[in-house]
Amino acid sequence: MKRSINQLLSLLFVAAIALIVSACGEDDPQIAAPIVSGPAEVAVTENETTTVTFNLTVAGGFASANVDATGGTATITTQPAVAAVSGSVVIDYAAGDDGAGALTLTITDAAGNTGSATVVMEIGDIPDTFQTADLTETRSVGGNDVEFKQTRISGVINRDFTFTNDVAWVLSGRVIVGAGATLTIEAGTIVKGQGEQGAAASVLLVARGGDIIANGTANDPIVFTSVLDNINVGEFTSTLDIDNDLGLWGGVLILGNAPIVAEASEVQIEGIPSSVTEGIYGGSDPADNSGSFTYCSIRYTGQQLGPGNELQGLTLGGVGNGTVISHVESINSADDGIEIFGGTVNISNFIVLNPDDDGFDADQGWTGTADNLVYIGAATNAGFGSDHPFELDGPEGDTGGTAAIGTFTNATAWGRSATDFADLRDGATYSITDSYFFGFAAGVDLELDADGTTDPNDATKKLSDNPLISDNYAGGNVTFTGLQFSGVDRDGATSFTDIAKILNDKLDGSLTNPDRTSQVDNNEDVKFPADNSIVSTKTVGADVSVLSWSYTAELGLLANF
């Protein structure tokens, strides 16, 4: 193999140095040990990488370099050529957690002489991308001056953080739990949203890859409410008007990496502007875990940014079944009590009280189970009215086949101002089982509905004309079993006497081949399984004994159950 002239010269130089050393000995003062110098100290942020440069003088000719690191790991990326008498060594240092570390570089020359230098690595915390400030104030309550201990928080939570229960935490605008961070909320904590409206509404948003550990207890639930609510630290009772106050802040959103059936595998959540990248949800992990959310009371929420673009009490987007959602109530939302966009998450022991729109809303191919549910529509004398206990929409975009079925079971729905028992539309694929409906207005029904919706992403595309809702029912992808309906309406009259008139399909034509061009207002010629019935005494529905912790129970509204 041919060698370059420079390589040969380098080898001859090293050999010459070796002969001199052999003749004179390693300690000959004519051959100085390598001189290594570097900065005295370098600052680096934890879990980040920085570059450190050492300068060298190697009278005996450079032979090798070795680095030792503490507090992190180090890699030599640049060093002098063999036999060079000067130059530099460049090292990439990947810091660990905050604290102190060090880099020690040792240089060996051709004669075996060594020299070294050590640099202190000062490893600091990741800078916070959120801000907190004391917001303690005195309010007049009942003619008395009362101190409210409060801490305002804003921005993106980018490290593990805790809302403690010794103060109320005030959300200023969009507070986001970022990827890699965990927000812990202690039992008994009060969280309040400021009153910004629309796209600026205060929300608590848990982004994909972020976690929330909000575990209240039956004795110390966590309360999410408006800053206008004079509820104080250690209290549970709100001071706002249960029949009129709603839409005073945004709500709680949890987003995950579980599959959705939408226009794309990842989309932007409703209620959050597209410029906010933490609003993306959806993925490929059905077991995705966003944390735990239990014994939480969410009150006076809901905002509308535009048609089909709203904030609810609780929004779940692409949340996986590794996430725990249980013992939650959503009260006085200006939109839905809860809306589930795809994912596989299961929810249980859930109350929706006084929604201005729907109670339980599901979209985009959600495939979990909702168990032990209570719905209570707004009172007829309230300043607003409710829509459906259940509004269930089908998959969006190309489903790639029949979507799996989401299940609602063991529910009790008290209608009051509600407009129907349930509304299934747009190719919905769901099951409602072992549930009881009472206190509804005369003339309402359970609808297989083709009316009233369009694709918000495409004004020319009318999902409302999708005949699959009828086909899915005929094919067993929409099922109603074990449903019981009180024969007595909300006004005390016996209005419900014919189970065949409970279910209403609003698509004209046969179930298996509906007419895509013609719809009618009322088409009751549909099958309804015999195990659904009108009853005077219920034997199915929610077990409210496990919901006595709730504000709904404190208001006395579970007494009729």
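Start by selecting Phe408 and Tyr430: both are buried, meaning under 20% relative accessible area, where over 50% is exposed and anything in between partly exposed (1.4 Å probe, protein chains only). Before moving on, know that this is a predicted model, where local features need pLDDT of at least 70, side-chain atom pairs count only at pLDDT 80 or more, and totals for chains, interfaces and linings use all residues. Residues are numbered from 1 along each chain as its sequence is written, and side-chain values use heavy atoms, leaving out hydrogens and water.

Next, select Phe360 and Phe390. Their rings are stacked, 5.8 Å centre to centre with 25 degrees between the planes. Rings of Phe, Tyr and Trp (its six-membered ring) pair if their centres lie within 6.5 Å; planes under 30 degrees apart are stacked, over 60 edge-to-face, and the rest tilted. Phe360 sits in strand β31 and Phe390 in strand β33, so this pair ties together parts 30 residues apart in sequence. Strands here are DSSP runs (E, at least two residues), numbered from the N terminus.

Now go back to Phe408 and Tyr430. Their ring centres are 6.3 Å apart and the planes meet at 45 degrees, so this pair is tilted.

Is Trp366 buried or exposed? Buried, with a relative accessible area of 0%. Show what is around Trp366: not counting residues up to four places away in sequence, Trp366 touches residues including Ile340, Val345, Phe408 and Tyr430. Touching, or contact, means heavy atoms within 4.5 Å. Look too for the backbone oxygen of Val345, 2.8 Å from a polar atom of the Trp366 side chain.

Last stop: Asp387, in the loop between β32 (369-376) and β33 (390-393). Asp387 is buried yet has no salt bridge, which would be a side-chain nitrogen of Lys or Arg within 4 Å of a carboxyl oxygen of Asp or Glu. The nearest side chain of opposite charge, Arg425, is 6.9 Å away; Lys and Arg count as positive, Asp and Glu as negative, while His and the chain ends are not counted. What does the Asp387 side chain make a polar contact with? The side chain of Thr419, at 2.4 Å. A polar contact is a pair of N or O atoms within 3.5 Å; within protein, one must be able to donate a hydrogen and the other to accept it, and residues adjacent in sequence count only if both atoms are side-chain atoms.

Note on methods:
Helices (H or I, at least four residues) and strands (E, at least two) are DSSP runs, numbered from the N terminus.
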